[in-house]
Amino acid sequence: MTEYIILMPLFIQIIGLIYGVMTDKYLRRSQRFLMMNVITLIILLIGQNCAEYVLKTTVSMPYLRTLVSIFGYILRPTILVLFAKIVVPNRKHYLAWGMLAAHSLAYLTATFSHWVFYIDENNRFHRGSIGYTAYFMSSLLLIYLVVVTIYEYRHRKSSLVVVLLNAGFIVISALLELTPAYYDYPVSYLTIAVVSCSLFYYIWLHLEFVRDHEDALMSEQRIKIMMSQIQPHFLYNTLSTIQSLCITDPKMAFSTTEKFGTYLRHNIDFLEQPELIPLEKELEHTRIYADIEMIRFPKISVEYDVQADNFKLPPLTIQPLVENAIRHGVRGMDDGKVTVTTKEENGYYKVIVKDNGTGFDPDTLGEQEGTHIGVANVRQRIEDMCTGTLEIDSEEGKGTEITISIPKTRRRKYENYLR
């Protein structure tokens, strides 16, 4: 019985793995379900190894041993496919499942043919003409797992090291089983490698989940902070305008109060909105803001040229730019004009906010506290939320043109956490 002592460290690892998976608050329900399936298959694989060891060394039942061996040959590649599913849960993995199905069918033929392997009446194992199918198919599935993992986490160098080390452990253990140096234990070298790599894989995935979670929280918090930095001067000035209109034009005061209430409601809603919003919704908020400002400054105008409207962008993107154009550009002019243009161009959705105001030196952006803070905030959110860009073309005395470019195909930095 001393040879079964090898089972102790394996079960210690499995118990630790079960505890980690069941108590890990960063795992989604689907990921926890898949991990528990992997653990179940690992336990079954250890049981299969032990049963095959007994049938090989103690009890001579060739047909039962054949069935137990088939079960083992199917279990190992199934675990690899489930790991691919854990790494990329939204992919169907038809290729991997197809290879697993073909592999399983090939080994099921051992019940009536000698193609892959057979066990003779003397309980001796023999490989058939395609006897190395398990190693070949498992190698393909291992390569598939490595490729999808590296692709999914290609922006992190640590992923490459961990995945290649785990793959190396499995390959080395499989090669050792084919050498004369192999010593027969109740569990195979490959099973030991699968158990250990499962634990390492889970620890690595846990760290990736934690990192994604923290990135998402940091991005969301940064967005809320930047959105709360929008200057409150507009709020105070609007209240003063409404107060004056209550005496000179009560109907206009009523209308302005209604618009102001809608403006405040939109701002509050946007603060609780971590997702991108439709352009139409952002333009509606911008129009409300601009209408209020044009009451205060009747000599300025804000116009819109909407050539494309089927895309999304971060909340409070256009409105702060229009606010900036009015406040720093055209507010004191007799013919101040701000134009908002949207269009599609060269694989990008573009939003252009242009004014004929005083202009400024883009190199001095943000040097003075509170100056053009809306532009800096918008640029940061465009980069964080949709990998877009914000470019400024301004010249003192000639006006300013700000261009937002949003790629039609994009990936947010914290997309994995939100899905």
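1. A helix here is a DSSP run of H or I with at least four residues, and helices are numbered from the N terminus. By that numbering, α3 supplies seven residues to the lining of the largest pocket, the largest share from any element. The model is a predicted one.

2. α2, α3, β2 (125-127), α5, α6 and α7 each give at least two residues. In total, 33 residues line the largest pocket. Nearest its centre lie Y73, R76, R127, Y135 and E177.

3. What is the make-up of the lining of the largest pocket, in nonpolar, polar and charged residues? There are 19 nonpolar residues, seven polar and seven charged. The space in the largest pocket comes to about 840 Å³.

4. Now the packing. The largest nonpolar core has 53 residues. I42, I46, I79, F83, Y201 and L205 touch the most other members. Two or more residues come from each of α1 (7-23), α2 (29-57), α3 (62-87), α4 (94-108), α5 (133-152), α6 (157-177) and α7 (189-228). Which element gives the most to this core? The answer is α7, with ten residues.

5. L205 deserves a look of its own. Neighbours within four places in sequence aside, L205 is in contact with I86, V87 and Y153. Another core lies apart from the largest one. This other core has 39 residues, including L276, I288, F311 and M385.

Conventions: Residues are numbered from 1 along each chain as its sequence is written. This is a predicted model: local features need pLDDT of at least 70, side-chain atom pairs count only at pLDDT 80 or more; totals for chains, interfaces and linings use all residues. Side-chain values use heavy atoms; hydrogens and water are left out. A nonpolar core is a set of buried Ala, Val, Leu, Ile, Met, Phe, Trp, Tyr and Cys residues joined through side-chain atoms within 4.5 Å. Buried means under 20% relative accessible area, exposed over 50%, partly exposed in between (1.4 Å probe, protein chains only). Contact means heavy atoms within 4.5 Å. On a 1 Å grid over the protein atoms alone, a cavity is a set of points where a 1.4 Å probe fits but cannot get out, and a pocket is an open set with protein on both sides within 12 Å along at least five of seven lines; lining residues have an atom within 4 Å of a point. Grid points are joined across faces, edges and corners, and a volume is the space filled by probe spheres set on the points. Ala, Val, Leu, Ile, Met, Phe, Trp, Tyr, Cys and Pro count as nonpolar, Asp, Glu, Lys and Arg as charged, and the others, Gly among them, as polar.
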